[in-house]
Amino acid sequence: MSLISHYRRRFAADAAKASKCAIIQSKNPLPQLSARARAMAEQARTCRTPLLCLFLCLQLLSSPQQATSKYLDDDDHDTFSGGQPRRTLSSGVPTRNSSNSSGAGAAFCRLLSLQILDLSNNRLTGELPDCWWDLQALQFMDLSNNSFSGEIPAAEPSHNCSLESVHLAGNRFTGIFPPVLRGCDSLATLDIGNNRFFGDIPPWIGTQVPSLRILSLRSNRFTGEIPRELSQLSHLQLLDMANNSLTGQIPVAFGNLTSMRNPEIVSSIGSLDGSNYQDRIDIIWKGQELIFQRTIRLLTGIDLSGNLLSDCIPEELTSLHGLRFLNLSRNHLSCGIPRDIGSLNFLESLDLSCNELSGAIPLSISALSTLSTFNISNNHLAGRIPSGSQIQTLVDPSIYSNNYGLCGLPLIDVPCANTSLASDERNGEGFDQWLCYSVIAGVVFGFWLWFGMLFTIETWRSALLFSVDKMQCKVMQKVSRIDQFLSKRNTDKFL
């Protein structure tokens with residue numbers, strides 16, 4: 001009896017849900033439903049069997065997503081393929097995940113109001129369709145961490161770029177720096193790291209993409225020199241060109257980067273216009289790979305590590321008072337550490353390791369009260385390690401290793417007293433050696449000066465010989481007198 005009551009109650013509940021579903025569908029018609037979906041809705045309104053009505057309503061509720069998925073998939077020309085895109089945002093509203101993305105690339109071209117496109121962290125492959133650059137409303141594009149390949153397609157000459165953020169990192173894109181980005185006046189974030197781009201970095205970035213705040217080109221195959229035109233990017237607050245094959249010197253003009261020079265006017269990067277979608281960036285921060293999103297506006301720094309840069313570190317970099325990190329490691333930089341490095345008051349991370357720097361560590365470095373990550377190993381630095389309230393907390397000896405001239409804490413095995421004594425001894429030995437050389441040179445010079453003049457000037461030579469003869473006569477006269485005296489004395493003794 002209880003079993004019958006259980007099924008009656010379940011039957012009544014199913015009937016109530018079915019009736020409610022039919023009412024909802026009648027009050028909220030879906031104009032975009034397919035013919036099959038409209039037929040199901042009509043059957044649900046007129047159905048008298050509760051279980052069947054419930055089944056039809058559930059199928060009807062799932063039909064919009066099925067229709068959307070079909071709309072994105074039904075294309076005869078497959079552009080890229082893969083499995084299960086994580087997010088695809090159209091006008092800020094996420095669509096349903098599809099298990100089959102074949103042909104979806106070209107299908108996005110019909111979404112003319114698409115503002116945010118996020119397909120990151122999937123396994124998508126293939127090349128990008130040309131028509132994506134025709135999406136005039138597109139502001140955010142994130143294709144990072146997939147397996148896309150090929151070159152970035154070019155745009156039509158009449159292309160009107162509305163992009164504000166582009167993330168292409170972690171793919172297999174090839175070719176030169178994407179020319180399609182030329183003229184993107186609103187582009188603030190560009191991350192194309194960890195790809196296979198090659199060639200020179202175009203100078204037009206400094207003038208044709210004026211709104212850039214974040215530029216990440218790390219881990220590619222870029223060559224040539226760093227264009228000095230990048231210093232014209234007045235909003236630039238993050239520059240990452242690590243792990244390429246860049247040559248030449250660091251542009252002196254980098255000292256004019258406005259947002260890095262004046263920390264009080266650092267650009268504010270938040271949500272994109274008309275949505276709650278937050279921009280982000282993935283960088284190496286204090287030796288760890290981190291993703292910054294909400295605090296991205298506080299991030300200011302330069303990473304040029306892992307290149308072939310040479311010459312000195314420009315003193316002008318010390319005028320970038322807003323820098324929070326500076327990484328110039330693994331290059332061929334020479335000369336010394338800039339004397340005014342201590343003027344970077346907000347600096348938290350400084351890495352100058354694996355270069356050819358020489359000289360002493362500037363005393364001003366002890367004024368960096370926020371410094372928490374520091375590395376100057378594998379250089380040719382010498383002298384006493386400065387002491388200060390903050391630098392004394394960096395007690396890891398490895399950050400000073402392979403600088404055979406450094407001494408002092410935290411290098412316990414190299415006390416500065418012994419090093420100073422040895423240095424004094426070496427200086428004394430050098431002084432004595434130079435003194436001997438000077439005396440010898442003076443004697444040789446004096447000898448040839450005087451005797452050379454005597455042999456070449458006749459009057460001097462005659463006067464010298466006359467003086468010698470006169471002296472000889474005087475000596476002989478005295479000798480003869482002594483001889484006469486001795487002879488007379490001996491004669492008297494025999495008598």
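Guide: In the protein chain, take the contacts between residues at least 6 apart in sequence: 58% of them join residues at least 24 apart. The model is predicted. The chain holds eight helices and 26 strands.

Visitor: How many residues of the protein chain are buried, as a percentage?

Guide: Buried residues make up 41% of the 495 residues. The chain exposes about 27,400 Å². Carbon and sulfur atoms supply 55% of that area.

Visitor: What is the average pLDDT of the protein chain?

Guide: The average is 75, and 67% of the residues score at least 70. Over residues 14-37 the pLDDT is below 50. That stretch has 25 contacts in the model beyond near neighbours in sequence. Residues 83-102 also have a pLDDT below 50. There the count is 54 contacts beyond near neighbours.

Visitor: What makes the link between cysteine 109 and cysteine 131 a disulfide?

Guide: The S to S distance is 1.6 Å. The cut-off is 2.5 Å, so the pair counts as a disulfide. By this rule the count comes to three disulfides.

Visitor: Why is the disulfide of cysteine 109 and cysteine 131 called right-handed?

Guide: The torsion about its S-S bond is about 55°, so the disulfide is right-handed. Cysteine 109 lies in the loop between helix H4 (104-107) and strand S4 (116-118). Cysteine 131 lies in the loop between strand S5 (125-126) and strand S6 (140-142). The pair therefore ties together parts that are 22 residues apart in sequence.

Visitor: Cysteine 109 and cysteine 131: buried or partly exposed?

Guide: Cysteine 109 has 15% relative accessibility. Buried means under 20%, so cysteine 109 is buried. Cysteine 131 has a relative accessible area of 23%. That value falls between 20% and 50%, so cysteine 131 is partly exposed.

Visitor: How do you know that cysteine 161 and cysteine 184 form a disulfide?

Guide: Their S to S distance is 2.1 Å. The limit is 2.5 Å, so the pair qualifies. With 100° about the S-S bond, the link is right-handed. The pair links distant parts of the chain, 23 residues apart. Cysteine 161 is in the loop between strand S7 (147-151) and strand S8 (165-167). Cysteine 184 is in the loop between strand S9 (172-175) and strand S10 (189-191).

Visitor: Why are cysteine 161 and cysteine 184 called buried?

Guide: Cysteine 161 is at 12% relative accessibility, and cysteine 184 is at 1%. Both values are under 20%, so both residues count as buried.

Visitor: Which cysteine is joined to cysteine 312?

Guide: A disulfide joins cysteine 312 to cysteine 335, with S to S at 1.8 Å. Cysteine 312 is in strand S19 (residues 310-312). Cysteine 335 is in the loop between strand S21 (332-334) and S22. They are 23 residues apart.

Visitor: Why do cysteine 312 and cysteine 335 count as partly exposed?

Guide: Cysteine 312 has 26% relative accessibility, and cysteine 335 has 34%.

Visitor: What makes serine 353 buried?

Guide: Its relative accessibility is 6%, under the 20% cut-off, so serine 353 counts as buried. Serine 353 sits in the loop between strand S22 (349-351) and strand S23 (358-359). Leaving aside neighbours within four places in sequence, serine 353 contacts Ser329, Arg330, Asn375, Ile376, Ser377 and Asn379.

How values were computed: Residues are numbered from 1 along each chain as its sequence is written. This is a predicted model: local features need pLDDT of at least 70, side-chain atom pairs count only at pLDDT 80 or more; totals for chains, interfaces and linings use all residues. Side-chain values use heavy atoms; hydrogens and water are left out. Helices (H or I, at least four residues) and strands (E, at least two) are DSSP runs, numbered from the N terminus. Buried means under 20% relative accessible area, exposed over 50%, partly exposed in between (1.4 Å probe, protein chains only). Contact means heavy atoms within 4.5 Å. pLDDT is the predictor's confidence in each residue, from 0 to 100. Accessible areas come from the Shrake-Rupley method with a 1.4 Å probe; for residues, only the protein chains shown count as cover.
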